[in-house]
Amino acid sequence: MDQYQVTGMSCAACSARVEKAVSAVPGVTGCTVSLLTNSMSVEGSAPAFEVIRAVESAGYGASLRGGPSAAGAPAAGEDLLKDTESPRLVRRLAASVLILLALMYLSMGHMMWGWPVPGPFENHVVLGLTELLLAAAVMLINARFFTGGVRALLQRSPDMDTLVALGSGAAFVYSVAGLFQMILAQGQGSHAEVMRLADDLYFESAAMIPALITVGKLLESVSKGRTTDALRSLMRLRPKTAVLLREGQEVTVPIEELKTGDRFAVRPGEHFPTDGVIEEGRCAADESALTGESIPVDKAPGDPVSAATVNTSGYVICRATRVGEDTTLSGIIRMVSDAAATKAPLARIADRVSAVFVPAVIVLGVLTVAGWLLAGREIGFAMGRGISVLVISCPCALGLATPVAVMVAHGVGAKNGILFKTAAALENIGRTQIMVLDKTGTVTAGQPAVTQILPAPGVSEKELLEKAAALEQFSEHPLARAVTGRAQEEALTLPVARDLTVLPGRGLTASVNGARLFGGSAAYIGSFCAIPAGLSGRCGELAQQGQTPLYFAEEDRLLGAVAVADVIREDSTEAVARLKGLGVRTVLLTGDQEGTAAAVAHQAGISRVRAGVLPDGKAAEIARQKQYGKVTMVGDGINDAPALTAADLGMAIGAGTDVALDAADIVLVKSSLKDAAAAVRLGRAAIRNIYENLFWAFFYNAACIPLAMGLWGIALKPMYAAAAMSLSSLCVCLNALRLNRLDIYDASGDRPLRKPALPDGEEEEDRAETPGKDPGSGPPGPGAGERPAQEETAPDGGGEKEGSVMIKTMTIEGMMCPHCEARVKKALEAVPGVENAQVSHTAGTAVVTLSAPVDDAVLARAVQDQEYTVRAIG
């Protein structure tokens, strides 16, 4: 997708005309124009010069970001959002006001209130000629309205400039004609006729209309500039220099000279110049500019750092890993900027109206003049009403209703670490009804941790943990790393283990301080010493909760057990509660076995569970959930990418893989699930704000056009109509800016978007489901009740149908953790004829669903090849 800067647009009709012209270029498959940022995104294979030529043929200017325009205009880089329009408007307005003051003094001060003027101006013809010259000067200063408006009219695509040009031009031409009649009347000596004609001149309106529209444009330009404050603040964070280490010396260089692999130093109080990893030293990094998190994060050797974050304490030496446009900061800026060039679905409403709005207003203006003339009113009155209709109509408010709200919302999200890739993503998250959550790395931390230390009688927790960590310190198993990690947290000194022997599927043993230590499953440790019933029962309870108990013994003495599990994130429970408060139904989607998934869902408060779903089945499950409402998928891994793409909206945890981040529509930079609820809240506020803006734009035009036509018994002067038109656009911009005051983490005003998808009480139940056994978890459509289980269909198209499939239960020895389950499950499901395998290390079983006959020996061999023992198959 190529990005262009477009100049010369003034209203929604302008952006629609540019969009239409570019869409007609051969090779263009998609085009979106943003009136707010004067930008355009173009998809397809069309060359840039053809796109630029199409824009210029429509009467506007264009330049490719990173390259010159056809007219040699400078490239649009980071200065794209710089407010260059406001200074020009200030100069135009200042010159217009100075001349307009003199014109108003003559036309109103002298004529209406008798203010003194030099002798020659007592002659009404001289006064009229002076007013003509002053009005012409103001119109010349604001010639852009007239050149653009006439050009658009000649191209049969009238816009707001056309309305201004027609209104002001009609007032000027009518007044010039009246002035010539005054000259003729004065030559005939008809003083009364001269006085009558002098009262019927509209030179002040002809000048006031473009001047007041310029005031409105200036206020609108300033307001639009404020909507991009967040993005410009991010751009200003880009460091200008870096301190490189070259031959042992510190050398300050421009940031452009920094290359991947360079070593750089950062002192306390300085910004990190680029993304990198710490090699020497420790520090605390303030990452609030990127994540919104105000508490500094401790950094040690090996930890990553990001450009524009601040080193609050400690001297560190880092190695650059990403530079230039590849840094995290540049990615955020690019994502927010690109999103501004996209269009929300709601904006299409304004586009469709704007396409016919201006021609309809011109027709209304002509009909107004004709109607009043037929009604017997004088031509001056009729012309005044027709001009007012042209001037008061405001397509600009329609064009700004959606983009200003979208841009402000994007800025609010970016400041809080929530990045929307498109405007449609912002709108869709506000309409989300179902949020499907991946378990590992999203609801849970994604890394096993010690949850319980259960020492045997006569053994302290410290002794148990110290000896367990000594035994596990050389193991690469994830559960072993959890035990050693806990020992490091408690700063335990570990003795050296010798003669380490690993027994796959059972445990491990080693010699520590001359004594033999053993660690592993209950069956393995039970062969060396007795396990008390109390400890065994407690470990059984933990296993039912999805935790894995590891038993340890020294010679023939039981040391105790250490429970390990992938613990849920600290904020997951609160995040799920907030989603429920918003009326969003939560579903846990995981490939883990049923017990573990149900335990995690229960802790987090998640309504429904879909367990045992393989990566390719996740997309099918998303399609199933989409039958019942708008679905957002939240994930972090490569295996989540198909589901993120299949959902109505994909949301990626910021700490996830690049594949997941690319597939998602929204990125949560802080990797906090609470931001998922905050994104929903922000999306709903943005939608509400857009509807308010659209209502105001439609209401304003619906109310003011009849007023200008004189249908309400009020003869509205054209200059007052121009003032009203200017204020309408300003109101839209100011209303959108209210989003900046939104606290997206405040749940006090949360309300469900619509009625809960399930009957009362059902939302609170936790159910564990598997692809082959579906108790009917899908939420019904609006107004419907829970679908009966027998009517549901499993994601893979199969279900547990008596007589059509065969189920075998295998008793397996040696499985110790969910990772063991995954190995066995993968091995069994690779056997031809095996449709599904549900494996439980706590029960020591594998329930195998067959779609074709499979010999028991084949099943047993698949498990034994993974170094586990099959005791029975039934």
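The structure holds 25 salt bridges. Each one is a side-chain nitrogen of Lys or Arg within 4 Å of a carboxyl oxygen of Asp or Glu. This is a predicted model, in which local features need pLDDT of at least 70 and side-chain atom pairs count only at pLDDT 80 or more, while totals for chains, interfaces and linings use all residues. Residues are numbered from 1 along each chain as its sequence is written, and side-chain values use heavy atoms, with hydrogens and water left out.

**Stop one: R557 and E463**

Select R557 and E463. Their side chains form a salt bridge, 2.9 Å from N to O. R557 sits in strand β21 (residues 557-568), and E463 sits in helix α17 (residues 461-472). The two are 94 residues apart, so the pair links distant parts of the chain. Helices (H or I, at least four residues) and strands (E, at least two) are DSSP runs, numbered from the N terminus.

R557 is partly exposed at 32% relative accessibility. E463 is also partly exposed, at 22%. The classes are set with a 1.4 Å probe on protein chains only: buried is under 20% relative accessible area, exposed is over 50%, and partly exposed lies in between.

**Stop two: E554**

Which residue does E554 form a salt bridge with? The partner is R557, with the closest N and O atoms 2.9 Å apart. E554 is buried, with a relative accessible area of 14%.

Next, select R263, E279, E280 and R319. Salt bridges that share partners join these residues into one network.

**Stop three: helix α20**

Move to helix α20 (residues 533-544) and select E541 and R538. Their side chains meet in a salt bridge of 3.2 Å, N to O. Both residues lie in this helix, three residues apart, which is about one turn. E541 is partly exposed at 44% relative accessibility. R538 is partly exposed too, with a relative accessible area of 29%.

**Last stop: cysteines**

How many disulfides are there? The count is zero, where a disulfide is a pair of cysteine sulfur atoms within 2.5 Å. Select C539 and C704 to finish. C539 is buried at 2% relative accessibility. C704 is buried at 14%.
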